[in-house]
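Student: Before we discuss any labels, could we look at the sequence and the model together? I would like to ask how each label is reached.

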Amino acid sequence: MANPTFPLRNEMDRQRAINCLEKIDLDAGWTWTMREEVRSDQQNRRMWAMLRDISRQVEWYGQMLKDEDWKNIFSASVEQQRAVPGLNGGFVVLGISTRKQSKKWFNDMFEVMEAFAAERGVKFTTADHWGIGEAAA
């Protein structure tokens with residue numbers, strides 16, 4: 001049997017999963033895993049559009065940061081990450097990859113980004129498209 005992967009969104013999907021499990025040879029040594037869906041392409045595009053707008057409009061402690069720098073700042077905020085002293089001074093935030101984060105995790109990050117942007121008057125160029133609305137735009 002192939003290793004099936006599919007979303008669980010309705011009763012038909014649930015029954016499909018149950019059918020797959022019922023066909024498993026329990027002596028074959030399988031491991032079953034279930035996880036939240038990872039980010040969608042739309043969430044990824046939204047994230048980079050928001051990061052681009054923030055990087056163009058916000059000066060952070062005397063510096064204009066790159067989109068990737070802002071991604072590290074916001075993801076660290078969502079994860080409550082630690083910072084440790086760097087090898088040659090300064091600090092390093094112990095980072096995470098956003099690539100495999102869940103849709104819920106991304107929604108949490110968007111809330112942090114929108115609040116940050118609202119406090120600093122950032123105008124999102126894609127606000128209507130992403131449904132951010134005027135509150136954070």
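Student: Why is Y61 called exposed?

Tutor: This is a predicted model, and in it the relative accessibility of Y61 is 71%; the label exposed needs a value over 50%, so Y61 counts as exposed. Y61 lies in the loop between β1 and β2, and although Y61 is not a glycine, its phi is positive, at about 50°.

Student: What makes Q80 exposed?

Tutor: The reasoning runs through the relative accessibility of Q80, which is 67%; with the cut-off for exposed at over 50%, Q80 is therefore placed in that class. Q80 lies in the loop between α3 and β3 (83-85), and it has a positive phi of about 55° although it is not a glycine.

Student: Why is W60 called partly exposed?

Tutor: W60 has a relative accessibility of 24%; buried would require a value under 20% and exposed one over 50%, so W60 falls in between and counts as partly exposed. W60 is found in strand β1, and, leaving aside neighbours within four places in sequence, it is in contact with L65, W70, I73, F116 and R120.

Student: How many aromatic pairs are there by the ring-centre rule, and what makes the pair of W60 and W70 edge-to-face?

Tutor: The count comes to eight aromatic pairs. For W60 and W70 the ring centres are 5.5 Å apart and the planes stand at 65°; since pairing asks for centres within 6.5 Å and edge-to-face for an angle over 60 degrees, the pair is edge-to-face. This pair links distant parts of the chain, with W60 in strand β1 (residues 59-60) and W70 in helix α3 (residues 67-79), 10 residues apart. The C-alpha atoms of W60 and W70 are separated by 9.8 Å.

Student: Is W70 buried or exposed, and how do you know?

Tutor: The relative accessibility of W70 is 0%, and buried means under 20%, so W70 counts as buried.

Student: Why is the pair of W70 and F116 called tilted?

Tutor: Their ring centres are 5.2 Å apart and their planes are at 55°; stacked would need an angle under 30 degrees and edge-to-face one over 60, so this pair is tilted. It, too, links distant parts of the chain, from W70 in helix α3 to F116 in helix α4 (residues 103-120), 46 residues apart. F116 has a relative accessible area of 11%, which is set against the cut-off of under 20%, so F116 is buried. Ring pairs link W60, Y61, W70, F74 and F116 into a cluster.

Student: Which residues of α4 are buried, and what covers them?

Tutor: They are W105, F106, M109, F110, M113, E114, F116 and A117, and their cover includes α2, β1 and α3. The largest nonpolar core has 17 residues, and those with the most contacts inside it are I54, W70, F74, M109 and M113. To this core α2, α3 and α4 each supply at least two residues, and the largest share, seven residues, comes from α4. Beyond its neighbours within four places in sequence, M113 is in contact with M47, M50, L51, I54, F74 and F124.

Student: Where do arginines lie over ring faces?

Tutor: R16 lies over the face of F6, at 3.9 Å from the ring centre, and R46 lies over the face of F110, at 4.1 Å from the ring centre.

Student: How many of the residues score at least 70 in pLDDT?

Tutor: The share is 91%, and the protein chain averages a pLDDT of 86. Over residues 133-137, however, the pLDDT is below 50, and this stretch has 12 contacts in the model beyond near neighbours in sequence. Where pLDDT is low, the predicted coordinates should not be read in detail.

Definitions and conventions
Residues are numbered from 1 along each chain as its sequence is written. This is a predicted model: local features need pLDDT of at least 70, side-chain atom pairs count only at pLDDT 80 or more; totals for chains, interfaces and linings use all residues. Side-chain values use heavy atoms; hydrogens and water are left out. Rings of Phe, Tyr and Trp (its six-membered ring) pair if their centres lie within 6.5 Å; planes under 30 degrees apart count as stacked, over 60 as edge-to-face and the rest as tilted. Helices (H or I, at least four residues) and strands (E, at least two) are DSSP runs, numbered from the N terminus. Buried means under 20% relative accessible area, exposed over 50%, partly exposed in between (1.4 Å probe, protein chains only). A charge sits over a ring if NZ of Lys or CZ of Arg is within 6 Å of the ring centre and within 35 degrees of the ring normal. A nonpolar core is a set of buried Ala, Val, Leu, Ile, Met, Phe, Trp, Tyr and Cys residues joined through side-chain atoms within 4.5 Å. Contact means heavy atoms within 4.5 Å. pLDDT is the predictor's confidence in each residue, from 0 to 100.
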